[in-house]
Amino acid sequence: MEKGTLIGVIAGTILWMWGAWLNTGDLTIYFDLPSVFITMGGSFSALMICIPFARLKMLRTLFGLVFQNKTFDPSATIETLITFAEKSRREGVLSLEDDVAEVPDPFLKRALQLVVDGTDPEVVKNIMFAEVDQMEARHAQAKKILDDWGYFAPTWGMIGTLIGLIGMLRNLTDVSSIGRNMATALITTLYGAIMANHFLLPMSAKLYLWNQYDVLMKEIILEGVLSIQAGDNPTILREKLNSYMAPSARPKAEETTGR
């Protein structure tokens, strides 16, 4: 599990609740069932209108991805590509045929198979970049679900505020209803702001970061495979692939492999 996401969700929740308690000494006043129905139920119903019903099943997967521990460390992939490059230089590209079946990464496996099959480099490049583009499109569609919900939540909070104010103004003579309606008016805005800014939009930003990691890893793989097909010197290939990493990470990658 990704610690930053978990700590952020827990810490943020504790901090705003602690601040609320220090301010009023009573957290129960921040729970209002009508506000839950209006803000959470209303924003989710708007999301259902916005997105095909079948795709709403993705929400569970998306929340799982947000908490997934995913770090960018391409050093192992780079070393694998260097090993393939060295073998290809010694024995030819066809010598990699036995290694393809043992490659765990589907993207690398497919790219290598195309090279072993003698596919034209330009065709390999077009096929694999098309796959990257489609992956990015899928990720963007998934991210948009959280973006849309994060957009609707504060708006429905404002709708709840208007509902509460209207109820209060229509019953000014009933003193007992003023507090209840005012609570609904303000708490719905609070709920909408918390939903959007503590959960939905930060989670969407995390999915964007994971997508960037995935794209960069695939660019490294494609660069390495095309270089292997072109017969590039493994030393030059290492320098080329290391350029995709932050300068501070390159010594670490070299240290890990004893180079």
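A residue counts as buried when its relative accessible area is under 20% and as exposed when that area is over 50%, with partly exposed in between. This report applies those terms to charged side chains in a predicted model.

**Salt bridges**

The structure holds 8 salt bridges.

| Pair | N to O distance |
|---|---|
| Asp99 and Lys87 | 2.8 Å |
| Arg110 and Glu131 | 2.3 Å |
| Lys240 and Glu223 | 3.7 Å |

Asp99 is paired with Lys87. Asp99 belongs to helix α5 (residues 97–100) and Lys87 to helix α4 (residues 75–91), so this bridge ties together parts that are 12 residues apart in sequence. Asp99 is buried because its relative accessibility is 18%, whereas Lys87, at 21%, is partly exposed.

The bridge between Arg110 and Glu131 connects distant parts of the chain, helix α6 and helix α7, across 21 residues. Arg110 is partly exposed at 40% relative accessibility, and Glu131 is partly exposed at 25%.

Lys240 and Glu223 also form a salt bridge. Lys240 sits in helix α9 (residues 234–242) and Glu223 in helix α8 (residues 175–230), 17 residues apart. Lys240 has a relative accessibility of 27% and is partly exposed; Glu223, at 26%, is partly exposed.

**Negative patch**

Glu97, Asp98, Glu102 and Asp117 make up a negative surface patch. Asp117 is located in the loop between α6 (106–116) and α7 (121–170). With a relative accessible area of 52%, Asp117 is exposed.

Methods
Residues numbered from 1 in each chain as written. Predicted model: local features only at pLDDT ≥ 70, side-chain atom pairs only at ≥ 80, totals over all residues. Heavy atoms only, no water. Patch = residues over 30% accessible without salt bridge, like charges linked within 9 Å, V, L, I, M, F, W, Y side chains within 5 Å. Areas by Shrake-Rupley, 256 points an atom, 1.4 Å probe, with all protein chains shown as cover. Salt bridge = Lys/Arg side-chain N within 4 Å of Asp/Glu carboxyl O. Lys, Arg positive; Asp, Glu negative; His and termini not counted. Charge placed at Lys NZ, Arg CZ, Asp CG, Glu CD. Helix = DSSP H or I, 4+ residues; strand = E, 2+ residues; numbered from the N terminus. Buried < 20%, exposed > 50% of the residue type's maximum accessible area, 1.4 Å probe, protein only.
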